[in-house]
Amino acid sequence: MENYETIWKKIVNNLRLEITDETYKLWLEPAQATGIEEKNLLVKLPNKFFVRWLEEHYSERVNNLLKEFDPDLKIRFYTDRKDEKTGLRETSSDRNETRFLPSEFNTKYTFENFVVGQANHFAYAACMAITKNPGRAYNPLFIYGGVGLGKTHLLNAVGIEIKKRFPSYNIIYVTSEKFTNDLIEYLKNNLMAEFRLKYRNVDILLIDDIQFIADKEMIQEEFFHTFNALYDRRKQIVITSDSSPKDLGSLEERLRSRFQWGVVADIQPPDLETRVAILKKKTEAEKINIPDDVLYYIASNIKSNIRTMEGAMLSIAAFASLTEMRITVDKAKEYLRTIISPSEIEKDITLERVQDIVCRHFNLRPSDMKSKRRTESIAFPRQVAMYLGRNLTNKSTIEIGSFFGGRDHSTVMYACNRIKTKILKDPYFLAMLNKITNQIKEGE
């Protein structure tokens, strides 16, 4: 086997093909291989913060790469800074280990770590209810929302909590991609009976990102029968997606219908106060200190993706830790420009701005948007404006309806659903909508 320095160099070269230069310079360039001990490749890092972050984000990938050198070789990140009190035998994964949990759950995604706000309260409450009476309350539960808003967090939390309350329950948590890959593997080996036994003989099925089985007829067929088998036996099913069931037009109607048999809960982008609360909880979990004004700056500029927001905060903290600089709003502004594209740092968008850009595009006056007229030439642009207002601002459906001529919540929801359906069916309309969205975001 090659020496430890050569092995680590090859690992890093592989990773560099998958990550940006900024990520490499921040997280991997400071890492130094120091030896191999008891089948562990030892990699020294500047401090405990780096150890936690790299373990969470890269351990699995690095371990897979290490198998090419020795099937039994594993990565061990560590720091020897005396003030960290963290040595080779105590890493964050060791301290966080909970033996009763199956390995597929992320133990950081618990209900205790989930920040509840107006935008996600119903989904959170439904998930909590499930853990007390699985298969009886809210079955199936279908949770939908944009990327990075907490769907996967809630799915993990459900599994962790049910395992605590009902240790004997058989729980499967998979992504739709894993379900698909499993089916292909079992089918290839003529083991479909075993596949069906595995997925239909569970107490709880948690499946993430169901939208990815779209256009896969055989996968949809198998999932349809799996769903029926579990539902008929009153076993709990929880599903997440990026769209509501009725907007998953590429899925078979019989599946979309079944997804609506129980409860459908959406998660919207959180408001500013909730975003700040999320960042505060993250700083507590990671044991890092960032001034409140910096947290407010990050939360005010990254609104629609919680993962991006948390990642930005952690990167700023890591940079400050490495350079031993004091974190200020000006430093945060400067550093954010190097790690996040301009499109991810969002400008404050108002309903007035949305209305003005849509009016300009459709050659209408703002008064037309607020009028009682229902002709298609006005009603359709108004629906576009309502949809964009819902997705680009923090305004509620009630506030949006009030702004556009005193209309009610249901009118705004109807408008949003109509636009979502048209997006799926009409690529030319989607291109037009993207153009309007970019104009709104860029301040043109």
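Entry 1: I began with helix 6, which is mostly covered, with 13 of its 15 residues buried (buried means under 20% relative accessible area, exposed over 50%, and partly exposed in between, with a 1.4 Å probe and protein chains only). I noted that this is a predicted model, in which local features need pLDDT of at least 70 and side-chain atom pairs count only at pLDDT 80 or more, while totals for chains, interfaces and linings use all residues. Residues are numbered from 1 along each chain as its sequence is written, and side-chain values use heavy atoms, with hydrogens and water left out.

I then looked up the span of helix 6, residues 151-165, and found 21 Å from its first C-alpha to its last, close to the 21 Å expected at 1.5 Å a residue (the expected span is 1.5 Å times one less than the number of residues). Helices (H or I, at least four residues) and strands (E, at least two) are DSSP runs, numbered from the N terminus.

Entry 2: Which order do the five strands of the open sheet take? I read it as 5-6-7-4-8, with parallel pairing (two strands pair if DSSP finds at least two bridges between them). Strand 5 (171-175) and strand 8 (263-267) stand at the edges with a single partner strand each, so one side of each is left without a neighbour in the sheet. The twist averages 15 degrees from one strand to the next (axes are lines fitted to C-alpha atoms, for helices over the stretch in contact, and angles run from 0 to 180 degrees between N-to-C directions).

Strand 5 pairs with strand 6 (residues 204-208) in the parallel sense over five bridges, and Thr175 stands opposite Asp208 in strand 6. Helix 6 packs on this sheet, where it touches strand 4 (141-145), strand 5, strand 6, strand 7 (236-241) and strand 8, and its direction makes about 165 degrees with that of strand 6 (contact means heavy atoms within 4.5 Å). Helix 9 (residues 217-232) also packs on the sheet, touching strand 6 and strand 7, at about 140 degrees to the direction of strand 7.

Entry 3: I turned to an open sheet in the order 1-2-3, whose pairing is mixed. Its edge strands are strand 1 (32-37) and strand 3 (74-78), each pairing on one side only, and the twist averages 25 degrees from one strand to the next. Strand 2 (residues 40-44) runs parallel to strand 3, joined to it by five bridges, and Leu42 stands opposite Arg76 in strand 3. Helix 1 (residues 4-16) packs on the sheet and touches strand 1, strand 2 and strand 3, its direction making about 125 degrees with that of strand 1.

**Entry 4: the cores.** The largest nonpolar core has 77 residues, of which Trp8, Leu141, Leu154, Leu206 and Ile298 touch the most other members (such a core is a set of buried Ala, Val, Leu, Ile, Met, Phe, Trp, Tyr and Cys residues joined through side-chain atoms within 4.5 Å). Not counting residues up to four places away in sequence, Trp8 touches Ala31, Ala33, Leu41, Val43, Val62, Ile75 and Phe77. Apart from this core lies another, of 29 residues, including Val354 and Phe403.

**Entry 5: confidence.** The mean pLDDT of the protein is 83, and 91% of its residues reach 70 or more (pLDDT is the predictor's confidence in each residue, from 0 to 100). Confidence is lowest in helix 4 (residues 92-95), at a mean of 36, and highest in strand 7, at 94.
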